[in-house]
Amino acid sequence: MPGKLKAKIVAGRHLPVMDRASDLTDAFVEVKFGNTTFKTDVFPKSLNPQWNSEWFKFEVDDEDLQDEPLQITVLDHDTYSANDAIGKVYIDIDPLLCTEAASVISGWFPIYDTIHGIRGEINVLVKVELFNDLNRFRQSSCGVKFFCTTSIPRGYRAAMVHGFVEELVVNEDPEYQWIDRIRTPRASNEARQRLISLMSGELQRKIGLKVLEMGGNAVVGYLQCFDLEGESGLVVRAIGTACTLEKHSSGTPASNACNSPSKDGKEPVFGEDLPSSSGPPTPFRNLPTSSSSPPPFSPSKPCSRQSSSSDTDLSLTPKTGMGSGGSAGKEAGPLKTLLRQQTQTALEQREFPFFTLTSFPPGFLVHVGGVVSARSVKLLDRIHNPDEPETRDAWWEEIRQEIKSHAKALGCHAVVGYSENTSICEEVCILSASGTATILNPRVCFFDRFDDPSPPSCGFCHIPYDELNMPFPAQLTYCYNCRRQKVPDVLFTTIDLPAEAAVTGKGCLIQARLCRLKKKAQGEVNATAISNLLPFMEYELHTQLMNKLKLRSMNALFGLHIQISVGENMLLGLASATGVYLTALPAPGGIQIAGKTSGDLNNEQHIQSIQKRINDTIAKNKELYQINPPELTEEGVGSPIPEPRQRSRLFRSHSESSDEVSELDLSHGKKDAFVLEIDDTDAVEDIHSLLIDASPPTGFYTCNTETMPGIYNWTTAVQMFTSVRVLRLSNANLSNQSLNKIFTDLCENLLKSFYFKLRSNIPCCLCHLNFTVAVPEEELIQVRCWRQSLCPFLSGGNETEEQLQFPLELCADSSSTNTQTSSKFSVSSLENCSPLTEGRPRSLRSSRSFGGSSVTMVKMTPLSFLPGTRIIKYLGIINMFFIRETTSLREEGGVSGFLHSFIAEVFAMVRAHVAALGGNAVVSYSMKDCVLMENPNKNQAQCLINVSGDAVICVRETDQEPMTSMTNIGQSCTADGAT
Amino acid sequence: MAVELDVFVGNTTIMDEEVYQLWLDGYTVNDAVKVRMAGGVLDECEANQDVLLSDTMDQYRTFQMCERLLQSPAKLANQLLFQIPPHRQTMLIERYYAFDDSFVREVLGKKLSKGTKKDLDDIGAKTGVTLKSCRRQFDNFKRVFKVVEELKGPLVENIRQHFLLSDKLARDYAAIVFFANNRFETGKKKLQYLTFQDFAFCAGQLINNWTVGAVDNMVEDMDVDLDKEFLQELKELKVLITDKDLLDQHKSLVCTALRGKTKAFTEMEANFKNLSRGLVNIATKLTNTKDVRDFFIDLVEKFIEPCRSDRWTSADVKLYLTHYTNSAHILDSFKHQAVWDRYMGVIKSCIFKMYHD
């Protein structure tokens, strides 16, 4: 009985009118936790009731505390008929379970109804008293801190990084239960919201247990996802990196932590100079060719590598062999049990040396091999037993194994910047995982980023694999920085640009977009079609990325994120990354156009004109991104693989299985020029699309990483926005080409829109641009007329100025936040002196929240920090899931109006929760899911949104520093950006 | 390939002041796009019409969602849905409650009822203000009227606190409420030359001096209704024109003071009795609601027009009224000095304001 939860309902305001006769409401509140419910008195005839209830006390297990949300329902009392619900508030009390996080939740929460949206606000106070539990066999994991941030949180130091943790829970989706046919949409939505809240609570608790088992106390880079598998159920899964974090101020020197204890110590220790000798015994030659992936890009394989002949077979074997049902589970049975056993052992970290982090302390990354990724197409089955989520577990295990073997093939022993995602259409599901293969130096301690930046180093660029035993054809040269080690000609990674990397010029966002039609099909035929298409898509995306990179005269990609989503009759691929010129890598060659059909004079001229355009673009881009690498005489050219061999490889892989095709996309062996052959109209189109990419207008910089390479000065003005666009394809018979064009235009127009909207803030930088595409399928009329909606949406884009010359409104915005912050800061410092070890003085808090008129400004950012501020406290993770449904779509302004208000409501609820925890910002914010279903004919729409982030208190850095330094930064940056 | 959905939502609500104004002015999305294109936004940024359209749609949606809050501005400050910095909130409210002088001139003094609302399209056509904007402005007037109707305390202060308006705007609304409540006639042809600001000034004078609130500041409707007792007392002023001796005495006093000070002296002397009769008659009739409504038209007909036809300058009018008012104090048999001052103070400043082309 280790916890007492106490809640007090203070007041409500702006309630909706529930009684038409009096234009007033007789409101009361139900407070529910687990199976216990309390009620307040009815506050008659008021839209601003003052309940001032007693403290409702729940005595509960800490296991329940972790799983369950506190559920507050506001109702209108009706003497004669049933009481009408006004709306609900779910409060996740997890942040209160951690001594270092928030100590009280107090504030105004929007009252939310899944049909009507926000209907007034309610003021609530929540506290938790935890008793120490020494039970060895406990099921709870209170006290484990969770961070969405994919780096060591500021103000903390990682004494030890334990490694990868994952967990997944499954359940039936209430939306698809039989009872859904008879209950109201509201009841069904609420059941779903509650279930997902419970599941994510459970998931977090289970992950926490694993962390405790490992001896850690925190999860960093926590990434939680929902798979709405429709009929077959609901999966909530999460991955993260287990760490032992210490408060930075705790003062213990790093030395003892550096002697990495057992688990880390077992990992092979690599010297700078012998990258592969002591590495994992990786017999490249012995591996099947399919898993020897090229460094910047790994071919996706629809299934595990056991299938060298035909991979689609395996994923479908269960179906063909044993019919439908849980056959997939059976098939994976032995593997599953094996993996299950492993899960229980401490070996697991070594089984999957994965890190979900994307930025690291200097020196931690010894060498970076390149991107490794794996994809698998699966047919979904009904989850028969929610307590045994083995099938899904096994799927992911397979993929992780594959990733690991890819990394091995690159001579690497670890994968960083690791992430997993899915795309589901009907019963087909694509599972993808990607990361960056690296060699790590476990001796380097994780410090937080307040440490002095280390001098630029080039070590991480050096190849981790054996030069003579290269897993793929690549062009090696001696490092342009140290001239001792070999480097590849291009480097693709999923991580942020390491702090120690030397960069020439500025970076920019590079996107590859691709549409592929496929035949409509069912079941396994469909799955086969998809898995056959995947390698081609990967190949083309990669070629596009490579071309665009060269067009910008850059030689490395960071933060690469490739998303492939599946729809009824098409596949969409979107790859986003930030391109930079790494000083240590060789300058990229140009792009050369070659015509296949020579002799035609017209054609020759055409080719020449295209060539000229390309060369002009390259020159222009060099200027734009200020890429002026120091001229170096080329001395050490590595061992280029001769052209003929590549060709032969190409043909061979064509003749073999499809998944090898993507292998050849790395074979741009020629040093100086990347040859594009124009032999048909397709190629011309490709080149056109290459040139069509508009560079951002002057004063704008875009990237999808945390910080903009080449720009180091930031102002505090930050604006986060979310934008969603859906395009309806009117023409059913579109070719791949025209689809590609439409898709590209859509993405380009979205970017143009941002530039336009933010034009008054120039110079400004769009950081952490996060594109997500989806193809929601749609049956319009029964007459076999199918239409597709393309729905790329961007979430969590972030715009930040680097100058002080930004418009007054934003300036004042940030300063107003700041007054709040500073006042709060002074309060919390006061609290430090008081005997109470935790919590702001209650009177102060409550007076603030009762003050009514002042609403705390809460900043939201997808970055792990707020420029110009210092995070002084992490208050806990925000992980919220909302459903909104309407049956009056037209009245709400169509889908756009509906979604617009829903997103605004979600923002409002996130802000309210953060403010109630005492915070003033959300960092590492992301909108994981945004699923929209509409039926305009029935005037209905439904939308699901999942958001997450870390609630923090931050103060302006300049609170301690004189303002002048700030101005200087701005001005020096002006000089930088002016060119 | 229709764009089915296109939204853009910022954590801090993003609003463009220019688009806000277009929205307030009742432009449709398409018209607003045209205006913006003509304004040259596209030139400063590499954008096309689609971008502009999508931006305008986004903003219009935001404004529509905010409108409910703007109608009770106090809520805007503590609502949670939109994160808007305080100074932006002030701007939004101030602009939302701003009105066109040409429009308000048309409805000034009319009953804020459904009947008037039906005529809004005519007024819109006449003034060139879009119907949508007319409706917003009219609804604003009505809303403010309804709220302050039931409140105690000073009118201007109530408006300012309930609608978070600037002092200037609150005073203008006070004038509108005051005119609507007393149904002053402002639409006659003879009054057409007067601007809203002229009337607003006069309303301010009346509110400050002639209402119940001028003597007692804690009654309901104190600033909206004229002080009945005072209106009753005004009847006593009749003696100034009915008593022949008093009238002559008054005239000679005024003429003595004016002699040689102005070119219009002869006209003043000739017209004294007429003018005095006019002003005093206005005072004595104010107990009738009908005559209160005609207050401004009476002022114009009985005083301003005769003066204008005799080509008095503004300075002449000022001089005349000052002496006319002051001389009454010297009259021995005239006992109603306090009422006289309260009456003439307002009349004087109103006429000064109204005496122009």
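In which order do the four strands of the open sheet in chain A stand, and is the pairing parallel, antiparallel or mixed? The order is β9-β11-β12-β10, and the pairing is mixed.

This is a predicted model, in which local features need pLDDT of at least 70 and side-chain atom pairs count only at pLDDT 80 or more, while totals for chains, interfaces and linings use all residues. Residues are numbered from 1 along each chain as its sequence is written, chains are lettered from A and ligands numbered from 1 in the order in which they are written, and side-chain values use heavy atoms, with hydrogens and water left out.

View 1. Helices (H or I, at least four residues) and strands (E, at least two) are DSSP runs numbered from the N terminus, and two strands pair if DSSP finds at least two bridges between them. Strand β9 (residues 145–146) of chain A is joined to β11(A) by two bridges, and these strands run parallel. A:K145 has A:A218 as its bridge partner in β11(A). Between β11(A) and strand β12 (residues 234–247) of chain A there are nine bridges in the antiparallel sense, with A:V219 opposite A:A242 in β12(A). β9 and β10 (156–171) of chain A are at the edges and have a single partner strand each, so one side of each lacks a neighbour in the sheet.

**View 2. Strand β11 of chain A and its hairpin.** Nine of the eleven residues of β11(A) (residues 218–228) are buried, so the strand is largely enclosed by the rest of the structure. Buried means under 20% relative accessible area, exposed over 50%, and partly exposed in between (1.4 Å probe, protein chains only). Five residues separate β11(A) from β12(A) in the hairpin that they form, and A:G230 in the turn has a positive phi of about 70 degrees.

**View 3. Helices across the sheet.** Contact means heavy atoms within 4.5 Å; axes are lines fitted to C-alpha atoms, for helices over the stretch in contact, and angles run from 0 to 180 degrees between N-to-C directions. Helix α2 (residues 185–214) of chain A lies across β9, β10, β11 and β12 of chain A, at about 135 degrees to β10(A). Helix α9 (residues 390–409) of chain A lies across β10 and β12 of chain A, running at about 135 degrees to β10(A).

**View 4. Nonpolar cores.** A nonpolar core is a set of buried Ala, Val, Leu, Ile, Met, Phe, Trp, Tyr and Cys residues joined through side-chain atoms within 4.5 Å. The largest has 193 residues, and A:I122, B:Y320 and B:Y343 have the most contacts inside it. Helix α17 (residues 894–916) of chain A gives the largest share of this core, 14 residues. Apart from it lies another core, of 41 residues, including A:L357, A:L491, A:I495 and A:F558. Not counting residues up to four places away in sequence, B:Y320 touches B:V254, B:L258, B:M268, B:F272, B:L275, B:F303 and B:W312.

**View 5. Helix α1 of chain B.** In α1(B) (residues 17–24), the buried residues are B:V19, B:Y20, B:L22, B:W23 and B:L24. They pack against α2 (29–39), α4 (49–70), α6 (86–97) and α10 (131–149) of chain B. At the start of α1(B), the backbone nitrogen of B:E18 has a side-chain oxygen of B:D16 within 2.8 Å.

**View 6. A:T702 and its contacts.** A:T702 lies in strand β24 (residues 700–702) of chain A and is buried, with a relative accessible area of 4%. Leaving aside neighbours within four places in sequence, A:T702 is in contact with A:G507, A:C508, A:L509, A:P696, A:M708, A:Y755, A:L766 and A:L769.

**View 7. Two serines with positive phi.** A:S553 has a phi near 60 degrees and sits in the loop between α10 (523–551) and β20 (556–566) of chain A; its relative accessible area is 4%, so A:S553 is buried. A:S924, with a phi near 50 degrees, lies in strand β32 (residues 921–935) of chain A and is buried at 10% relative accessible area.

**View 8. Buried cysteines.** A:C412 is buried, with a relative accessible area of 1%, and A:C479 is buried at 0%. Zero disulfides are found over all chains, a disulfide being a pair of cysteine sulfur atoms within 2.5 Å.

Technical notes:
Polar contact = N/O pair within 3.5 Å; in protein donor to acceptor, adjacent residues only side chain to side chain.
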